[in-house]
8 protein chains.
Amino acid sequence: MELVVYLAGQIHDDWRQQLRQKAEERGLPLIFKGPQEDHDRSDSIGERIKGEQPNKEYRDHTASEVNNLRTRIWMEKADVVLALFGDQYRQWNTALDAGAAIQAGKPLILVRPAELIHPLKELAQRAQVVVESPEQALDALAYVLE
Amino acid sequence: MELVVYLAGQIHDDWRQQLRQKAEERGLPLIFKGPQEDHDRSDSIGERIKGEQPNKEYRDHTASEVNNLRTRIWMEKADVVLALFGDQYRQWNTALDAGAAIQAGKPLILVRPAELIHPLKELAQRAQVVVESPEQALDALAYVLE
Amino acid sequence: MELVVYLAGQIHDDWRQQLRQKAEERGLPLIFKGPQEDHDRSDSIGERIKGEQPNKEYRDHTASEVNNLRTRIWMEKADVVLALFGDQYRQWNTALDAGAAIQAGKPLILVRPAELIHPLKELAQRAQVVVESPEQALDALAYVLE
Amino acid sequence: MELVVYLAGQIHDDWRQQLRQKAEERGLPLIFKGPQEDHDRSDSIGERIKGEQPNKEYRDHTASEVNNLRTRIWMEKADVVLALFGDQYRQWNTALDAGAAIQAGKPLILVRPAELIHPLKELAQRAQVVVESPEQALDALAYVLE
Amino acid sequence: MELVVYLAGQIHDDWRQQLRQKAEERGLPLIFKGPQEDHDRSDSIGERIKGEQPNKEYRDHTASEVNNLRTRIWMEKADVVLALFGDQYRQWNTALDAGAAIQAGKPLILVRPAELIHPLKELAQRAQVVVESPEQALDALAYVLE
Amino acid sequence: MELVVYLAGQIHDDWRQQLRQKAEERGLPLIFKGPQEDHDRSDSIGERIKGEQPNKEYRDHTASEVNNLRTRIWMEKADVVLALFGDQYRQWNTALDAGAAIQAGKPLILVRPAELIHPLKELAQRAQVVVESPEQALDALAYVLE
Amino acid sequence: MELVVYLAGQIHDDWRQQLRQKAEERGLPLIFKGPQEDHDRSDSIGERIKGEQPNKEYRDHTASEVNNLRTRIWMEKADVVLALFGDQYRQWNTALDAGAAIQAGKPLILVRPAELIHPLKELAQRAQVVVESPEQALDALAYVLE
Amino acid sequence: MELVVYLAGQIHDDWRQQLRQKAEERGLPLIFKGPQEDHDRSDSIGERIKGEQPNKEYRDHTASEVNNLRTRIWMEKADVVLALFGDQYRQWNTALDAGAAIQAGKPLILVRPAELIHPLKELAQRAQVVVESPEQALDALAYVLE
């Protein structure tokens, strides 16, 4: 039985691609979904579809319409949500997705470095599993599939 | 008919107290609930109740148990959630609460300065109302009560 | 035991005021809630709170933020929803509110003149009660309270 | 992974057929469902199945029983709902379906011409994506599937 | 703390009135709600509100609109549902209400004479409490309130 | 796309078998589920699995445990529920299943002869489609699948 | 604003009475509900209401009908559930209530001595707060009410 | 149509393996899921993934994070939950899983020896089916699939 995993987190490097590859190497029946991983495309998708907007705020607003469409559809289909935090970027989307996953009763795997223990303590306490690397998250998912 | 408003956001200044006072001056039938506003008490509540923990991570973990108890109980009772973001602090709890509110179908009022439009764009797009100051949020709530 | 009734429908005349008065004359323990009934105020509330917007579309968007806040809060508290249709205006908000009420499992009372039977047939078939005047709706509510 | 899209809107021209064809040309794994597209068949289906009714109102009522059966079954299976509005027809069913989709937590894509911005402003504010043509809606769905 | 009890069952004798009186004598903080207890009024309420209908079926249909409005509103508010069956009448409404209560997660107290054990066995197995008289149901409710 | 249909109703003749055959002849992608159709087996299944019980009431109770297991599992998987009523038998299980389906938001097709219009009026008013024969119900399902 | 607390756990000593008294001494606006605290009455309530049963199993079954009625009604009304475990008794009811509370999204406070850490580890991990004494649980509730 | 069965219960012997084999011999389309069946692996999985913990309590806590992840994912996918109790071990996890299944509306099959009737009476009364051996549970599932 395959599991669908939503990968919440920043879209500035290829951590999702690495995770997909490791899961494939281990032969795990996991389907990964997540936000758009091309950052420029993510920021410009609203204007690409709807045309130029009157100002930056509305440019952002339209991009978010389409990005949130994507997130909502795949989050709804996910069996489990993995949220990755790092020491860069605001990552409010990641926390937003984590809050939605918890409220929807979907188990959340929180991945965060030890330095972020304090600011993420409430989020960690409501997560199902808290680890420090995506590989550990994969270990937990592999255990579910044993 | 009274409305219960959960006030998500940082606990480093007295913005909630100011909001309560303004609501009272305007005679609005609003009951405000929110996290513990004394920051030290919030951080130490786990050890105060459960005794000393083996390390900082578990100190944080126990504090979060009690803080999340508080948040979950009042969020559940809230008719509407107000989430305030500013330019300081990580504010991941605020985004977490916002995500939970949205998923629970509770209307969210997002309060954030113009500088934060871009990093909060997805959260803003899913909020019910987006304003720049707590006073504007109060205006919106007053309109609901007219 | 009091019942909360949400009054969906156009805001161009005083039908809600008349209904409230008739309910009061009959001594019915009904609390009526609904959208803003001052049409200009409804259209301008976004700019009043958030300031001038870059164009008409965004003026409308901001007004809708606040109007929808109001609708969502009172619809959530309603025990029953009354939706009034007439031969004027688009009334898409009314149909939107009716759809939301049905999906939320709240009983819907549809009030519409006989001329609108055909275009409202699907909505009528999913309503709990279909009548032709607000007085008849009040009769049905009075029967519930007997 | 295929997505099911419910196509709410008028049934007087072949817009759904065009959309299906464009999706197929782009190789998008989308399954489109929606109301009966043959208008006469839609209006007469009640009497075809149940026999002649005592008057027009009940003819409409029986047709709606069967049309609503169809709508409810496919809406329930839909991952996302697209609601098309134009400048003709009452389109209360479309607004009804949109309200039900929003309340059910299904993302709504609203397609409407610029002339209808004002009367659809509340509906637009609660939609996940607002565009002006079915092609733009398809662009948004394609982005979800990237 | 008061409890709201919905009294499903036939409306041909005064069993509800007797139950209310016994509860009052015992000083139990119970609020009883239920269907219209005047049988003629129940059957004619549709035509009284909406006027004469084209045939008996539609007379019944309109009466049911209003009776179901009543049932749905009070069932929604009930903490517990009591369903009384006897050896007379079809009592399909009673079984319908029982099914709805079970599905809604509301505890059901089934009251039925020993002769009806066999035909009510599936319903009994899903009820929370099964007794043979309304007095026994009251005993169970009194125990909850101890 | 296949639809799962739960067939509630008496188990004293082969109406389900006939319906299955007609659906097959028309090539409709319908999967029919329902209660045990062998009446003796249905009544004795509790004792067959659990051994002899102390009296008839508990014999019935154990049979109902297993029959309700079956009903709950397939009702949960059903996209639509068909409830057949006739002029024989108590049929309280049928009404119970209908009530559960309505409350669960599953569309209900009620099949009943004209003689039963009056005693089934409340149930009919909450059903999605009301017809007089299983063939008409099949017509309605075929229409959904067009 | 008062909070309703359900007190799950054994009924062999007066721990609930002590907790109620301490809450009162501290002036906390808490309403405590829970199972029947008189053990004999709890075991015999089925036969007291329904008369003698054919064997011990069915004596237990009938008692459980009434005890579960009580538990379900008060659990549904609870804002928070406190589950106390000790080193005596099976306490499967306590774990059952805890599982139901967690699944219902109600915050759970687990009270258990240090010796039971290992056998209660999965339950503890899903609780909102884990403490070793009822007094600590009261401290946590007092913090929520600050 | 295949059914997914979650097997809650102790992990100290091979009862699940035996059940799987019997189901296979009977050709039943059942997919069994459950907790990790290797007891040592279950207890150490937290430290295996996350490294050594400061004390036994936190060793247990981390193991539970991963074990609960597994339970939550498969319970969510289960159509029915089987809970096995025996005369050894605390089995609080089993009762916890049973409580969660009941609250989630998933039918529960309770398997327990006659000696445990009394301490499991409340749990039994809320189960859908109560039997004394896994083979009887399989009989009940086979009956559902007839």
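Contact here means heavy atoms within 4.5 Å. With that in hand, let us tour some close-up views of this predicted model.

**Figure 1. Chain C meets chain D.** Start with a place where two chains touch: 35 residues of chain C are in contact with 35 residues of chain D. The size of an interface is often given as the accessible area lost when the parts come together. For chain C and chain D, that buried area is about 3400 Å², and 57% of it lies on carbon and sulfur atoms. On the chain C side, look for Trp92(C), Leu96(C) and Glu122(C), which lose the most area to chain D. Together these residues of chain C make up 22% of what that side buries.

**Figure 2. Chains F and G as a pair of copies.** Two copies of a chain are related by a rotation about an axis and a shift along it. The same surface serves both copies, as 100% of the contact residues of chain F recur in chain G.

**Figure 3. Chains that stay apart.** How far apart are the nearest C-alpha atoms of chain B and chain E? They are 18 Å apart, and these two chains do not touch. Chain D and chain G do not touch either; here the nearest C-alpha atoms are 19 Å apart.

**Figure 4. The open sheet of chain A.** Five strands of chain A build an open sheet with parallel pairing, in the order S2-S1-S3-S4-S5. Strand S2 (30–33) and strand S5 (129–131) of chain A stand at the edges with a single partner strand each, so one side of each has no neighbour in the sheet. On average, neighbouring strands of this sheet are turned by 20° against each other, direction ignored. Now zoom in on strand S3 (residues 80–84) and strand S4 (residues 108–111) of chain A, which run parallel and are joined by four bridges. Here Ala83(A) stands opposite Leu110(A) in S4(A). Helix H4 (residues 92–103) of chain A packs on the sheet, where it touches strand S1 (3–8), S3 and S4 of chain A. The direction of H4 makes about 155° with that of S3(A).

**Figure 5. Two sides of helix H1 in chain F.** Which residues of helix H1 (residues 15–25) of chain F are buried? They are Trp15(F), Arg16(F), Leu19(F) and Ala23(F). Seen down the axis of H1(F), these buried residues fall within an arc of 100°, so they line one face of the helix. Turn to the other side of H1(F) and you will find Glu24(F) and Glu25(F) exposed. The cover over the buried residues of H1(F) includes strands S1 (3–8), S2 (30–33) and S3 (80–84), as well as helix H6 (134–145), of chain F. After H1(F) comes Gly27(F), which has a positive phi, near 70°.

**Figure 6. A closer look at Ala78 of chain B.** This residue, Ala78(B), sits in the loop between helix H3 (56–77) and strand S3 (80–84) of chain B. Is Ala78(B) buried or exposed? Ala78(B) counts as buried because its relative accessibility is 4%, and buried means under 20%. Leaving aside neighbours within four places in sequence, Ala78(B) is in contact with Val4(B), Tyr6(B) and Lys106(B). Thr94(B) is 16 residues from Ala78(B) along the chain, and their C-alpha atoms are separated by 15 Å.

Note on methods. Residues are numbered from 1 along each chain as its sequence is written. Chains are lettered from A and ligands numbered from 1 in the order in which they are written. This is a predicted model: local features need pLDDT of at least 70, side-chain atom pairs count only at pLDDT 80 or more; totals for chains, interfaces and linings use all residues. Side-chain values use heavy atoms; hydrogens and water are left out. Buried means under 20% relative accessible area, exposed over 50%, partly exposed in between (1.4 Å probe, protein chains only). The arc is that of the directions from the helix axis to the C-beta atoms. Two strands pair if DSSP finds at least two bridges between them. Axes are lines fitted to C-alpha atoms, for helices over the stretch in contact, and angles run from 0 to 180 degrees between N-to-C directions. Buried area is the accessible area (1.4 Å probe) that two parts lose on being put together, summed over both.
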